[in-house]
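Have the model open while you read.

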Amino acid sequence: MDEVLDKHRIEVLRAAGYSGMTKSVFSMLKNPDKYAARLVPRAVKLLQLAFPNETPVGESPRNPEKSLPDPTVRCKIPTIRKAELLQALKEDGYDEIQSGLSYIIEMYLIRRKHGEESFQQAG
């Protein structure tokens, strides 16, 4: 099978009524992280039907070296402890658990860094 060129994809989209599709526009769509632009779902489907063995435009596999690590930290605590924590954080002026936990983590790390008395480990 011949290689599918951008001009072939553009022809399919223009024939389907996307008259504003040009090489420049298509080039931007191939790099959505840079230009914040993506094909509408109907256009993606058209290209998938026309070129079933091709990677969808703008959805090429990401380089693992460029991907950012997930900053999420999760823990499991009993429901009663969660309720107590939420109440305590609310009483201390934290509207969201995120801001309260961020403060707790920062304080813990600062104390460790400066050799202050560490928190007692829960058993």
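The side chains of R81 and E84 meet in a salt bridge, with N and O 2.9 Å apart (a side-chain nitrogen of Lys or Arg within 4 Å of a carboxyl oxygen of Asp or Glu). They sit three residues apart in helix α5 (residues 79–91), so about one helical turn separates them. Helices here are DSSP runs of H or I, at least four residues long, numbered from the N terminus. E84 is partly exposed at 40% relative accessibility; the scale calls a residue buried under 20% relative accessible area, exposed over 50%, and partly exposed in between, using a 1.4 Å probe and protein chains only.

A word on the ground rules: this is a predicted model, with local features needing pLDDT of at least 70 and side-chain atom pairs pLDDT 80 or more, while totals for chains, interfaces and linings use all residues. Residues are numbered from 1 along each chain as its sequence is written, and side-chain values use heavy atoms, leaving out hydrogens and water.

In total, the structure holds four salt bridges. Here are three of them, including the one above:

| Pair | N to O distance |
|---|---|
| R81 and E84 | 2.9 Å |
| D6 and R9 | 3.3 Å |
| D6 and K30 | 2.7 Å |

What separates D6 and R9 in helix α1? About one helical turn, because they are three residues apart in that helix (residues 6–15). R9 is buried, at 10% relative accessible area, while D6 is partly exposed at 28%.

D6 also forms its salt bridge with K30. That pair links distant parts of the chain, 24 residues apart: D6 belongs to helix α1, and K30 to the loop between α2 (23–29) and α3 (32–35). K30 is partly exposed, with a relative accessible area of 41%.

Now for the inside. There's one cavity of 30 Å³ or more, and the largest cavity has about 80 Å³ of space. A cavity is a set of points on a 1 Å grid over the protein atoms alone where a 1.4 Å probe fits but cannot get out, and lining residues have an atom within 4 Å of a point. Points are joined across faces, edges and corners, and the volume is the space filled by probe spheres set on them.

Which residues line the largest cavity? R9, L39, V44, L47, Q48, F51, E54, T55, P56 and V57 do. Helix α4 (residues 41–50) gives the largest share, three residues. By type, the lining splits into six nonpolar, two polar and two charged residues (Ala, Val, Leu, Ile, Met, Phe, Trp, Tyr, Cys and Pro count as nonpolar, Asp, Glu, Lys and Arg as charged, the others, Gly among them, as polar).

Methods. On a 1 Å grid over the protein atoms alone, a cavity is a set of points where a 1.4 Å probe fits but cannot get out, and a pocket is an open set with protein on both sides within 12 Å along at least five of seven lines; lining residues have an atom within 4 Å of a point. Helices (H or I, at least four residues) and strands (E, at least two) are DSSP runs, numbered from the N terminus.
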